[in-house]
Amino acid sequence: MLDSPFTDLDRPPLSQAALTRALVRPGGLWSDIAVVARTGSTNADLAQAVRDGARQGAVVVAEAQFAGRGRLGRAWSVPPRSGLTFSVLLRPDPPPTRQSWLSLLVALAVASAVRKVAEVDVRLKWPNDLLIGGRKVAGVLAERIDNAVIVGVGLNVSVRAEELPVETATSLAIEKAACVDRDPILRAALREIELHYREWSEADGDAEACGLRAAYLAISATVGQEVRVELPGERVLTGTATGVDGAGHLLVSSKGQEHALSVGDVVHVRPHSS
């Protein structure tokens with residue numbers, strides 16, 4: 001009985017059939033939705049699907065993920081059915097130089113869904129974290145496989161304080177969200193991803209023309225902050241985050257120079273309280 005999806009009544013299982021009925025439709029982005037009880041990594045599952053010739057719009061949702069990764073190979077683990085762990089398979093038409101926007105696009109879409117359904121003030125930390133009150137509630141990881149891009153999302157929904165993987169994390173339940181039912185949150189997230197992806201694709205990946213850049217900046221937690229950015233090769237850049245450019249790079253002003261960063265681990269430097 002311990003392995004039953006209904007052992008924790010606060011955490012009911014997702015229905016693959018209901019999600020498919022709601023989201024897979026002719027002419028829509030989503031082509032297949034699979035809900036699996038347990039997997040190592042939904043991104044790895046879709047990477048294999050790409051090699052097997054899967055169509056754009058495949059979605060894998062895991063009730064439990066035991067080898068999930070965040071950026072820089074960090075482990076990301078929460079109890080079964082306490083979060084939304086899913087990956088989407090995209091085969092973008094816009095040129096590769098504009099595809100760095102995809103992780104930001106998905107982060108924005110998930111944040112928009114959470115703001116609408118859960119009614120909490122989610123902010124975006126460049127490049128791929130979702131924050132509530134400065135604490136991480138979700139992360140996004142994009143990976144290129146051949147001509148496809150797989151974007152994975154991990155969102156803490158009903159995770160309790162004692163279950164958090166790190167002290168700097170939070171969950172929708174901890175933040176007293178209006179909704180901690182994963183089904184409507186997932187539906188809203190996938191619909192928002194489809195909407196933004198369609199607009200971005202129709203603009204040939206021009207984030208300015210389709211409004212993506214402006215929408216991202218509107219809920220950025222990073223722009224305007226003093227930041228410390230840990231760069232490859234153990235380099236560190238400190239300065240003020242001033243914006244995000246047309247390629248999705250973070251703009252940091254430091255010592256009179258503006259730097260456009262495509263990668264980096266950003267730390268928001270909080271002013272010392274006197």
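This is a predicted model: local features need pLDDT of at least 70, side-chain atom pairs count only at pLDDT 80 or more; totals for chains, interfaces and linings use all residues.
1. Helix α3 (residues 101–117) and helix α4 (residues 182–202) have axes that come within 8 Å and cross at roughly 135°. The crossing of α3 and α4 is right-handed.

2. On the α3 side, the contact with α4 is made by W101, L102, L105, V106, L108, A109, V110, S112, A113, V114, K116 and V117. The α4 side contributes P184, I185, A188, A189, E192, I193, H196, Y197 and W200. Sorted by class, the contact of α3 with α4 comprises 17 nonpolar, two polar and two charged residues.

3. Helix α1 (residues 16–23) also crosses α4: the axes come within 11 Å, at roughly 35°, and the crossing is right-handed. Here A18, L19, A22 and L23 of α1 meet D183, L186, R187, L190 and R191 of α4. This contact of α1 with α4 has six nonpolar, three charged and no polar residues.

4. V180 lies in the loop between β7 (148–156) and α4. With a relative accessible area of 37%, V180 is partly exposed, because that class covers the range between 20% and 50%.

5. Apart from its neighbours within four places in sequence, V180 is in contact with V157, L172, A173 and I185. I185 is also among the α4 residues in the contact with α3. Between V180 and T20, the C-alpha to C-alpha distance is 21 Å, at a separation of 160 residues in sequence.

Notes
Residues are numbered from 1 along each chain as its sequence is written. Side-chain values use heavy atoms; hydrogens and water are left out. Axes are lines fitted to C-alpha atoms, for helices over the stretch in contact, and angles run from 0 to 180 degrees between N-to-C directions. Helices (H or I, at least four residues) and strands (E, at least two) are DSSP runs, numbered from the N terminus. A crossing is left-handed if the near helix is turned anticlockwise from the far one by less than a right angle, and right-handed if clockwise. Contact means heavy atoms within 4.5 Å. Ala, Val, Leu, Ile, Met, Phe, Trp, Tyr, Cys and Pro count as nonpolar, Asp, Glu, Lys and Arg as charged, and the others, Gly among them, as polar. Buried means under 20% relative accessible area, exposed over 50%, partly exposed in between (1.4 Å probe, protein chains only).
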